[in-house]
Amino acid sequence: MTRITTGMALAAGLGTRMRPLTNDRPKALVEVGGKVLLDHALDRFAAAGVSRAVVNIHHFADLMRAHIEARTGAPDIVISDETGELLETGGGMVKALPLLGDDPVLVSNIDAVWVDQGRPELARLMEAWDESQVDVLLLLAPMENTLGFDGAGDFFLEADGCLDWRGDRPSAPYAYAGAHIVHPRVFAGETVRRFSLTEIWKRLSTEGRLHGLPMEAFWMHVGDPRARDEAEARLASGMM
């Protein structure tokens, strides 16, 4: 298994769909099951052996700094400050590259919640990582095993692990589950600008370098207040 020790939590979003819960705090500090979304992501990093995490911040930056400074235990946290400009997922990672280093990085959105069933999902992702064959490895949620996701699926998974985008087809069997491994080499030549990681992924998919791994745990996308309430109810029920 490739041991990945650096992670990045993408936490700079405005959280507009989560209003009114984000009227006085960033989305990353909305609680689900007694724990803020950022801590769900960081605790998963720690469980997978990640010792150092970069967190990008923009909205309610002072609250984010205070929460991060108050955290104890793994992982150690470094802040990538985007208060001057919101850069989206791709631009945020490019700006953070000097903090991330040259080795593969575990990346997580903060609106993905699950309870590991046995082997941690991020550890499974590391076990499946082979940088000679792939540049980005996405964790995938089977559509029948999700809560709070309002799309029609994102990907088809080929027998060799390659991913095919849904495109114009009415549905696809897998959704991106909000976590992936990326090799920083995919950002070569990129400048700090506002763009989505999907730009990179679409290019890699045509080269056979975008792969996926279906997760075993039940996946919850916490994107709005209703999804937050549904996730809390499911966590409280123990039906994971």
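Biologist: How many salt bridges does a search of the whole structure find?
Modeller: A salt bridge means a side-chain nitrogen of Lys or Arg within 4 Å of a carboxyl oxygen of Asp or Glu. Searching the whole structure turns up 20. Bear in mind that this is a predicted model, where local features need pLDDT of at least 70 and side-chain atom pairs count only at pLDDT 80 or more, while totals for chains, interfaces and linings use all residues. Numbering runs from 1 along each chain as its sequence is written, and side-chain values use heavy atoms, leaving out hydrogens and water.

Biologist: Which residue forms a salt bridge with Asp-150?
Modeller: That's Arg-17, with the closest N and O atoms 3.4 Å apart. Asp-150 sits in the loop between β9 and β10 and Arg-17 in the loop between β1 and β2, so the pair ties together parts 133 residues apart in sequence. Those labels are DSSP runs numbered from the N terminus: helices are H or I, at least four residues, and strands are E, at least two. Arg-17 also bridges to Asp-224, at 3.3 Å between the closest N and O atoms. Asp-224 is in the loop between β14 and α6, so this pair ties together parts 207 residues apart.

Biologist: Are Arg-71 and Asp-39 buried or exposed?
Modeller: For relative accessible area, buried is under 20%, exposed over 50% and partly exposed in between (1.4 Å probe, protein chains only). Arg-71 and Asp-39 are both buried. By contrast, Asp-150 is exposed at 62%, and Arg-17 is partly exposed at 45%. Arg-71 and Asp-39 form a salt bridge of 2.8 Å, N to O. Arg-71 lies in the loop between α2 and β5 and Asp-39 in helix α1, 32 residues apart. They also belong to a salt-bridge network with Lys-35 and Asp-43.

Biologist: How many aromatic pairs does a search of the whole structure find?
Modeller: Rings of Phe, Tyr and Trp (its six-membered ring) pair if their centres lie within 6.5 Å; planes under 30 degrees apart are stacked, over 60 edge-to-face, the rest tilted. The search gives three pairs. Phe-149 and Trp-219 make a tilted one, 5.8 Å centre to centre with 55 degrees between planes. Phe-149 is in the loop between β9 and β10 and Trp-219 in strand β14, 70 residues apart. Phe-149 is partly exposed at 22%, whereas Trp-219 is buried at 2%. Phe-155 and Trp-165 have ring centres 4.6 Å apart and planes at 55 degrees, so that pair is tilted too.
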